Amino acid sequence: MTMPSSEKKKAGFVQWVDERLPVFSFINKELVDYPTPRNLSYWWNFGSLAGVVLVVMILTGIFLAMFYTPHVDHAFNSVERIMREVNYGWLIRYIHMNGASMFFVVVYIHMFRGLYYGSYKAPRELLWILGVVIFLLMMATAFMGYVLPWGQMSYWGATVITNLFSAIPLIGDSIVTWLWGGFSVANPTLNRFFALHYLFPFLIVGVVFLHLIALHQHGSNNPLGIDAKKPGDKIPFHPYYTVKDLLGLGVLLMVWGSFVFFAPNFFGEPDNYIPADPLVTPEHIVPEWYFLPFYAILRSVPDKLGGVVLMFSAVFILTLMPWLDRSPIRSARFRPLYKVLFWIFVATCLILGWVGSQKPEGLPLIFGRIATVYYFIHFLVFVPLLNRIERPLPLPESLQKKSVPSVKGGASS
Amino acid sequence: MSRRFLREISIVLFNLLVSDEPCANEQPLFPQEKWSFDQLFGTYDRAELQRGFQVYQQVCSTCHGLSHISYRQLKALGFSEAKIKAIAAQKEVQDGVDEDGNPVKRNGKPSDYFPNPFVNEKAARAANNGANPPDLSLVIKGRKGGPHYVKALLKGYVETPAGMKLAPGMSYNLYFGGHQIAMASPLSDHLVEYADGTAATVDQMAHDVVTFLAWASEPEMEERKHLGVKILTYLLVFTVLMGLVKRRTWRRLEE
């Protein structure tokens, strides 16, 4: 009948703070009561999972930075010291190393989900574009992070990728010199990569906040792709999606943990456990798996500048998706042709990934060229023209199978 | 429908990742061996580790460093503190300068790292026909095929095929890239005399020293697997619980 005095005090304190700085009502509005479509499938778990991975990456990264030395003479050994001498250093480093792969797995699924269910369409165009910005920042961060251990693949990967900018006409070579801070990949390069690798994740956090503001403006899209109309179409985020996200997190952590503890170097190249040697080129320079599709596009063009332009276009073309796709129907469930195109596109990306891991000759080169051309035809021809010939299936009336009275957050059962 | 697609994608993805290891490009496939440290619960066999250390000390260490390993870490091989002190004391190490600025040499202590056999790379190349013997601390982690490759290499010295001309001082090795290797066949039967009486065949010595080097590459492996079992068990319980909580929570919506 009476509240314990401590709780009363706390409520009073919360209220006192909230009147002056509305953090608690903000959390309540955006994370507790936040109305979310009731029909989200497990494909909608990957956004929050990406957020969790980002936080874990930043935390492990900060601890690694306490022991890492960004100098060409010490970087490799300082990483080995983390692995061997620092208490649980191996654990922190393996979480961070495999976390990069997990981050890309989660984000790629998140992006493909957006493409399948038309999550980029009005009114979510900026939400989608901010997502592409995050993806670009992630790629830059991951690339620079891979350079830090200063192994053979770090050094030669950095050399190959920074050299791409020399393809820019007239000023290309000057740009590369400027990027390197010298006339080759060397100590200044390693130093600035470390500085930027530490900075970029916080830029990502900033853009993630914008991404979330844009998301919460209109709320999540859903597997049916239609807007919520009836009162019961949306349910409070807490407890329904907090618990669903926790379930997804459990699964992700199990996958992540399996790699960390039982196959920590599964995604890595053995060559990166050989210290960087500018005089010895590895037989086969390959980037990390998450760059392979783009690497394949780069190498399928015989012209260096053309390859670079095409590779960057492959990412930037995603930002145009809201305008290339003119169909008013969001979800591929009701777009029989787009659904087929989508899976062909997924297959194309996987083929490009495989091609990127092979030497650019013979069959892989041919496959790579076909897949590269198809990648762009998908965006520039098929997606825009599809609307003319496709006959969408009838859309359902509402998000619910049958009309259900509206639910109040979590109390009654 | 989507479930089937999911399965197909995961298969394709898996194949993609697995086929990403092109170990068979130029060298013949090396035989896949069984190791004590294989699999989820595998640990380093202590007897193999100790014998492997003996092979490293008596054979490899003349040319190859092991710079990331310190003597105190040999505890993991099952050696006593006194034995480690004795092992460390056998080597002379450089330790700063005295008051007059002259370099000081003293006997090794357990906290010292394994000294390099050569003072610098130039000296190493001068002594080895131009080749620089790689440090072995990470050799198992840093080669495609890992322990299988290194063991195959150690045993891979065969007759030079007719028609192939080797550069002076080079040896033919079946598994080395390009087949010309500057290291002469390092092992021969009964090269070392094992303290535990095991017959020192080439195969036995190669197996033992690779096990020792695998430990040197990943000294944390046993702790890692041990912790992994605990954490994954915890996560499994957590996930199942969350699955149940989720089902119960969402059941409210149906009512």
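## Annotated site in chain B

Leaving aside residues up to four places away in sequence, C63(B) is in contact with P117(B), N128(B) and P133(B). The model is predicted. C63(B) sits in the loop between helix 2 and helix 3 (81-89) of chain B. With 19 other C-beta atoms within 10 Å, C63(B) is partly exposed, because a residue counts as buried at 20 or more.

An unreviewed UniProt entry places the feature "binding site" at C60(B), C63(B), H64(B) and M183(B). These residues are spread over 124 residues of sequence, yet they cluster in space, the largest C-alpha distance being 10.7 Å. M183(B) is found in the loop between strand 4 (180-181) and helix 6 of chain B. M183(B) has 20 C-beta neighbours inside 10 Å and counts as buried.

| Residue | C-beta atoms within 10 Å | State |
|---|---|---|
| C63(B) | 19 other C-beta atoms within 10 Å | partly exposed |
| M183(B) | 20 C-beta neighbours inside 10 Å | buried |
| A206(B) | 22 other C-beta atoms within 10 Å | buried |

A206(B) lies in helix 6 of chain B. Not counting residues up to four places away in sequence, A206(B) touches K151(B), L154(B), K155(B) and L187(B). Between A206(B) and Y149(B) there are 57 residues in sequence and 11 Å in space, C-alpha to C-alpha.

How do the axes of helix 2 and helix 6 of chain B cross? The axes of helix 2 (residues 46-58) and helix 6 (residues 202-217) of chain B come within 7 Å and cross at roughly 100°. The two helices of chain B are therefore roughly perpendicular to each other. On the helix 2 side, the contact is made by E48(B), L49(B), R51(B), G52(B), F53(B), V55(B) and Y56(B). Helix 6 contributes M205(B), H207(B), D208(B), V209(B), T211(B), F212(B) and W215(B). By type, the residues of this contact are eight nonpolar, three polar and three charged.

## Nonpolar cores

The largest nonpolar core has 78 residues, and those with the most contacts inside it are A50(A), V53(A), F103(A), V106(A) and I297(A). Helix 5 (residues 89-116) of chain A gives the most to this core, with 13 residues. Leaving aside neighbours within four places in sequence, V106(A) is in contact with F46(A), L49(A), A50(A) and V53(A).

For chain A, an unreviewed UniProt entry lists residues 227-397 as "domain: Cytochrome b/b6 C-terminal region profile". Over residues 227-397, chain A is 60% helix and 2% strand, and the end C-alpha atoms are 10 Å apart.

Chain B touches chain A through 34 residues, which are in contact with 33 residues of chain A. On the chain B side, the elements that give two or more residues are helix 1 (2-18) and helix 7 (221-254). Helix 7 of chain B gives the most to that side, with 18 residues. The residues of chain B that touch chain A divide into 19 nonpolar, six polar and nine charged.

How values were computed:
Residues numbered from 1 in each chain as written. Chains lettered and ligands numbered in written order. Predicted model: local features only at pLDDT ≥ 70, side-chain atom pairs only at ≥ 80, totals over all residues. Axes fitted to C-alpha atoms, helices over the stretch in contact; angles between N-to-C directions. Helix = DSSP H or I, 4+ residues; strand = E, 2+ residues; numbered from the N terminus. Parallel < 35°, antiparallel > 145°, perpendicular 65-115°, else oblique. Contact = placed C-beta atoms within 7 Å. Nonpolar A, V, L, I, M, F, W, Y, C, P; charged D, E, K, R; others polar. UniProt positions renumbered as here; feature names shortened; annotations may be inferred. Core = buried A, V, L, I, M, F, W, Y, C linked by C-beta atoms within 7 Å. Buried ≥ 20, exposed ≤ 12 C-beta atoms within 10 Å, placed from the backbone.
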